[in-house]
Amino acid sequence: MLKVKILFVGPSEVGKSVLANFLSESTEGIGSYIPTQGVRILEYEKPHINENSKGTEYRFELWDCGGDPKFEACWPALMKDSHGVVIVFNPDLPSHLKEIETWYSCFVQQQQLLDSQCLLIAHHKPGSGGDTENFTLPSPLNRLHLIHSSLEEEPEDVRMEFVKYLKSIINWMNENRDKEEMSIIT
Ligand SMILES: Nc1nc2c(ncn2[C@@H]2O[C@H](COP(=O)(O)OP(=O)(O)OP(=O)(O)O)[C@@H](O)[C@H]2O)c(=O)[nH]1
Ligand SMILES: [Mg+2]
């Protein structure tokens, strides 16, 4: 059983916990805002992702991190051995475009993860402004895979895109393992 560790990071109150609950099929509903203290670790069982030719099984952990800068001291511990980073932001707030650059730099670049291991989610809370799909991300964020999430309108789109992302992470892990095996026998 291989553990796959995926971090959810980004500014506070954007909906990281709501999304992580939804994607991990937690029964917790959406209530009033409770800031995440440090981190919550959610187990995510997704049996049909586990099918691959080698019969390897995967256990996913979603690490839902608190966005408050006061937890910065915990970040190095959270980042350790992570396989993927999901950055969630609010597309209605122009300041977030700048802010997510910092999250990207700290959690992806400084950790030397590949851009393909990072997923950007523009999370639309209900009742938010309509014209928010037309923003442009500054470089280097424009190289990243960006998806929009709207749990009230298109919940299954988000789920499908997230599963695609997890599959790409697993493919990458498998390739790495194959390379390691090759380097041992050659
Ligand atoms: N109805 C609805 N409310 C949402 C949605 N996303 C976020 N909210 C509201 O926004 C609040 C904050 O969302 P959280 O998921 O707790 O925010 P967070 O990013 O985890 O915040 P921190 O833990 O402080 O970093 C929630 O308590 C909800 O009230 C959504 O898709 N639908
Ligand atoms: Mg939270």
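## Around the ligand

Which residues come nearest to ligand 1? They are Gly15, Lys16, Ser17, Thr36 and Gly67, out of 19 residues around the ligand. A residue is near a molecule if its C-beta atom, placed from the backbone, lies within 6 Å of it. The shell holds seven nonpolar, eight polar and four charged residues. Here Asp, Glu, Lys and Arg count as charged; Ala, Val, Leu, Ile, Met, Phe, Trp, Tyr, Cys and Pro as nonpolar; the others, including Gly, as polar.

This is a predicted model, where local features need pLDDT of at least 70 and side-chain atom pairs pLDDT 80 or more, while totals for chains, interfaces and linings use all residues. Residues are numbered from 1 along each chain as its sequence is written, with chains lettered from A and ligands numbered from 1 in the order written.

## The sheet

Six strands form an open sheet with mixed pairing, in the order β2-β3-β1-β4-β5-β6. Strands are DSSP runs of E, at least two residues; helices are runs of H or I, at least four; both are numbered from the N terminus. Two strands pair if DSSP finds at least two bridges between them.

β2 (39-44) and β6 (145-149) each have a single partner strand, so one side of each lacks a neighbour in the sheet. β1 (residues 2-9) and β4 (residues 84-89) pair in the parallel sense over four bridges. Ile6 has Gly84 in β4 as its bridge partner.

## Met182

Met182 sits in helix α4. Is Met182 buried or exposed? Met182 is exposed (12 or fewer other C-beta atoms within 10 Å, placed from the backbone), because the count is 9.

Notes:
A residue is buried if 20 or more other C-beta atoms lie within 10 Å of its own, exposed if 12 or fewer, and partly exposed in between; C-beta atoms are placed from the backbone.
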